[in-house]
Amino acid sequence: MIFSITQVYWLAGLVMAAVAVFNLLDASNPKRWTTGLFWGLYAVMFLLGDKMPPEVVGAGVIVLALIVLVKGVGGGKPQVRSDAENKESALRLKNKLFVPALAIPVVTVIGSVLLKDFKIGGNFLIDPKNATLVSLALGCIIGAAMACKMTKESPVQSLRESRRLVDAMGWAMVLPQMLGMLGLVFSDAGVGKAVAHVTTTYINMDLRFVAVVVYVVGMALFTVIMGNGFAAFPVMTGGVGVPVLINVYHGDPAIMAAVGMLSGYCGTLLTPMAANFNIVPAALLELPDRNAVIKAQVPTALGILVCNVFLLYFLMNH
């Protein structure tokens, strides 16, 4: 293949490496050495992760966690365009400013739908197993190139803007990737079996309504803990969903899975562990309360969770 997921990882690694270098060279950042080390290690994992022993990568993750623990990730003063320059550019370009941003989804759709099976000289143009991610990366490259041409800025300025956004999001930016692996770790560690043992031993599962409540609320609680509904799903489905709701009460697997994931999303609305949804927006909007997004979502999450209990109870056998 010509464009593969490995090249996307290399691109992400190069951007993170640039962020690390910018922070190391920024004397206005009081934590520039630890910040540079944090993003530098993260960059190495993208660039060389497939060639490194798992133990070394694991040690790197521990170092990242320790840097966060001592509050070693901070931001400085990136070199960005002045407000006057931004205003002049906005008045000159007007609605054309949206073109680079809109190019990203357009290229993503074209690549993942129309070019997925396209070949040149017998080679796939785009990695067919990761067509969407590769197409998204190509869309970002094309969008960045268009933005540089329209604003008459250099690619270095786009990296400076990347650094500004990364500084605003901070260490929370790495959470989605870390939490995405947590479900596999829990599954391999036998957490699902432990959940099944605890629930069947200490909770009366002879009542179908109780079993439904345990599954629905458990999905939300595990998502709150792990920050990811996809990580919570194998744990609760393996511990309660399949052995109890399907094998005992003969529930519909499709309905159980759909309502279970929706319940997990309720947990996503309630936890700072889901940083990309709840913490990053607050940081980008510079809200004084970092938990403001979560507080606003609590009524919606709890209301949907209650509805999910009754939906699953009445629909899983129909």
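Reply:

**The nonpolar core and the helices that pack**

The largest nonpolar core holds 28 residues, and those with the most contacts inside it are Val 212, Tyr 215, Phe 222, Met 236, Val 240, Leu 245 and Leu 312. Helix 10 (208-226), helix 11 (229-246), helix 12 (253-268) and helix 15 (292-315) are the elements that give two or more residues to this core. Helix 10 gives the most, with 9 residues. A nonpolar core is a set of buried Ala, Val, Leu, Ile, Met, Phe, Trp, Tyr and Cys residues joined through side-chain atoms within 4.5 Å. Buried means under 20% relative accessible area, exposed means over 50%, and partly exposed lies in between (1.4 Å probe, protein chains only). Helices (H or I, at least four residues) and strands (E, at least two) are DSSP runs, numbered from the N terminus.

This is a predicted model, in which local features need pLDDT of at least 70 and side-chain atom pairs count only at pLDDT 80 or more, while totals for chains, interfaces and linings use all residues. Residues are numbered from 1 along each chain as its sequence is written, and side-chain values use heavy atoms, with hydrogens and water left out.

Leaving aside its neighbours within four places in sequence, Leu 245 is in contact (heavy atoms within 4.5 Å) with Ala 211, Val 212, Tyr 215, Val 240, His 250, Gly 251, Met 256, Leu 312 and Met 316. A second, separate core has 14 residues, including Val 19, Phe 38, Met 45 and Ile 67.

One of the contact partners of Leu 245 is His 250. His 250 sits in the loop between helix 11 and helix 12. Its phi is near 55°, a positive value in a residue other than glycine. His 250 counts as exposed because its relative accessibility is 61%.

Next come the helices themselves. Two packed helices are described by the angle between their axes and the distance between the axes. Axes are lines fitted to C-alpha atoms, for helices over the stretch in contact, and angles run from 0 to 180 degrees between N-to-C directions. Angles under 35 degrees count as roughly parallel, over 145 as roughly antiparallel, 65 to 115 as roughly perpendicular, and the rest as oblique.

Helix 10 packs against helix 15 at an angle of about 140°, with the axes 9 Å apart. That angle makes helix 10 oblique to helix 15. Their crossing is right-handed, where right-handed means that the near helix is turned clockwise from the far one by less than a right angle, and left-handed means anticlockwise. On the helix 10 side the contact uses Arg 208, Phe 209, Val 212, Val 213, Tyr 215, Val 216 and Ala 220, and these meet Leu 305, Asn 308, Val 309, Phe 310, Leu 312 and Tyr 313 in helix 15. By class, this contact has 11 nonpolar, 1 polar and 1 charged residues. Here Ala, Val, Leu, Ile, Met, Phe, Trp, Tyr, Cys and Pro count as nonpolar, Asp, Glu, Lys and Arg as charged, and the others, Gly among them, as polar.

Val 217 is also found in helix 10. At 28% relative accessibility, Val 217 counts as partly exposed. Val 217 and Asn 308 are 91 residues apart in sequence but 9.3 Å apart in space, C-alpha to C-alpha.

Another pair can be compared with this one. Helix 5 (residues 98-114) and helix 6 (residues 131-151) pack at about 150°, with their axes 7 Å apart. That makes helix 5 roughly antiparallel to helix 6. The crossing of helix 5 and helix 6 is right-handed. By class, their contact has 13 nonpolar, 7 polar and no charged residues.

Last, the whole chain. The protein chain has 15 helices and 2 strands, and 36% of its 318 residues count as buried. Its C-alpha trace spans about 70 × 50 × 45 Å along the principal axes.
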